[in-house]
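Subject: Structure handover

Hello,

Here is the structure you asked to look at. Please open it first, then read the notes below it.

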Amino acid sequence: MNVVTEVIQASRALATAGLSDMVWGHASVRDPDGKGAWMKASGYGFEEIDADRVVLVSPDGDVLWGAGKRHLEFPIHTEILSRRTDVGAVVHTHAPALSAFSSLQRDLLPISHDAVPFAHPQLPRFTVTGALIATQDLGRALAEELGDANGILMPHHGAVTVGPDIGTAVMYAVLLERACRTQLLADAAGGVRTASDEAETRFKREQIWNPSQLNAGWEYLVRRADTEA
Ligand SMILES: [Zn+2]
């Protein structure tokens, strides 16, 4: 799969899944030759992305391919890709439920399938700033606090998810938003009384969110985005 096509598909899938924040938020794919991150250009919404609105950004912030402008927060992508050799794609979103949930400073509990990739161990929370990740130093700090996790909540800002491929990174972003929304719903109804324990969570991670299942969800989102285009 061509990296430009992957960025287009990811952007449109995120729009379809309701993770848009007007023209902000972005998905990236690692450049196969190690030059940086392929991601959407700034100034456009997820659903507006086509091949003319994709750029290749170097770790220093140079646009190496494409006519568009880069996002200020490119270091999220380039620094995570630099630190995590197992990661092939990164998603950053300001989606509403995960933003609301991260302000509660509460653990995300596996009360639905959606939270399973982010519990036992609990996903980290970024502690350095709630402002834009607009410098390489902040990108490195974010990558450091992400550690080996699938994602990180960024209180006062949003979240980042990662995966070995773009489908996994997008699905983790979608699942994280849904998991946060579900817990907000339970909390609003009186509070969570029961959740999967560590053993059940680990079992469900293999049973429900194995690579085949993640790919099925990703392909569904791509098909839905195509029909909405
Ligand atoms: Zn942001």
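Where is His120 found? His120 sits in the loop between H3 and H4. Helices here are DSSP runs of H or I with at least four residues, strands are DSSP runs of E with at least two, and both are numbered from the N terminus.

Before more detail, some ground rules. This is a predicted model, where local features need pLDDT of at least 70 and side-chain atom pairs count only at pLDDT 80 or more, while totals for chains, interfaces and linings use all residues. Residues are numbered from 1 along each chain as its sequence is written, and side-chain values use heavy atoms, with hydrogens and water left out.

**The loop between H3 and H4**

Stay with His120 for a moment. Its phi is positive, about 50 degrees, although His120 is not a glycine. A cis peptide bond joins His120 to Pro121, with omega at about 5 degrees. Pro121 lies in the loop between H3 and H4.

Is His120 buried or exposed, or in between? His120 counts as partly exposed because its relative accessibility is 27%. The cut-offs are these: buried means under 20% relative accessible area, exposed means over 50%, and partly exposed is in between (1.4 Å probe, protein chains only).

Other residues of this loop are worth a look:

- His113 is in the loop between H3 and H4. At 42% relative accessibility, His113 is partly exposed.
- Ala131 lies in the loop between H3 and helix H4 (136–146). Ala131 is partly exposed, at 44% relative accessibility.
- Leu104 has its place in the loop between H3 and H4. With a relative accessible area of 38%, Leu104 is partly exposed. From Leu104 to Asp226 the C-alpha distance is 36 Å, and they are 122 residues apart along the chain.

**The zinc site**

Which residues coordinate the zinc ion? They are Glu73 (OE), His92 (NE2), His94 (NE2) and His157 (NE2), at 2.0 to 2.1 Å. Donors are N, O and S atoms within 2.8 Å of the metal (3.2 Å for Na, K and Ca); water is not among the atoms, so sites may look incomplete. In sequence, the donor residues follow the spacing E-x18-H-x1-H-x62-H. Both His92 and His94 are buried.

Why is the arrangement tetrahedral? The 4 donor atoms subtend angles of 95 to 132 degrees around the zinc ion, which makes it tetrahedral. Four donors count as tetrahedral if all angles lie between 85 and 135 degrees. Ideal angles for four tetrahedral donors are 109.5 degrees.

**Two more residues**

His156 lies in the loop between strand S6 (151–154) and strand S7 (158–163). Its phi is near 70 degrees, a positive value in a residue other than glycine. His156 is exposed, with a relative accessible area of 69%.

Glu79 is in helix H2 (residues 74–83). Glu79 is buried, with a relative accessible area of 7%. Glu79 and Pro59 are 20 residues apart in sequence and 7.1 Å apart in space, C-alpha to C-alpha.

**The core**

How many residues does the largest nonpolar core have? It has 45, and those with the most contacts inside it are Leu108, Val170 and Leu176. H5 gives the most to this core, with 11 residues. A nonpolar core is a set of buried Ala, Val, Leu, Ile, Met, Phe, Trp, Tyr and Cys residues joined through side-chain atoms within 4.5 Å. In soluble globular proteins, nonpolar side chains tend to be buried together.

**The lining residues by element and class**

Helix H5 (166–188) and helix H7 (211–228) each supply at least two residues of the lining of the largest pocket. H5 provides the largest share, 6 residues.

Best wishes

Terms used: Four donors count as tetrahedral if all angles lie between 85 and 135 degrees; four count as square planar and six as octahedral if opposite donors are over 155 degrees apart and all others between 65 and 115; anything else is irregular.
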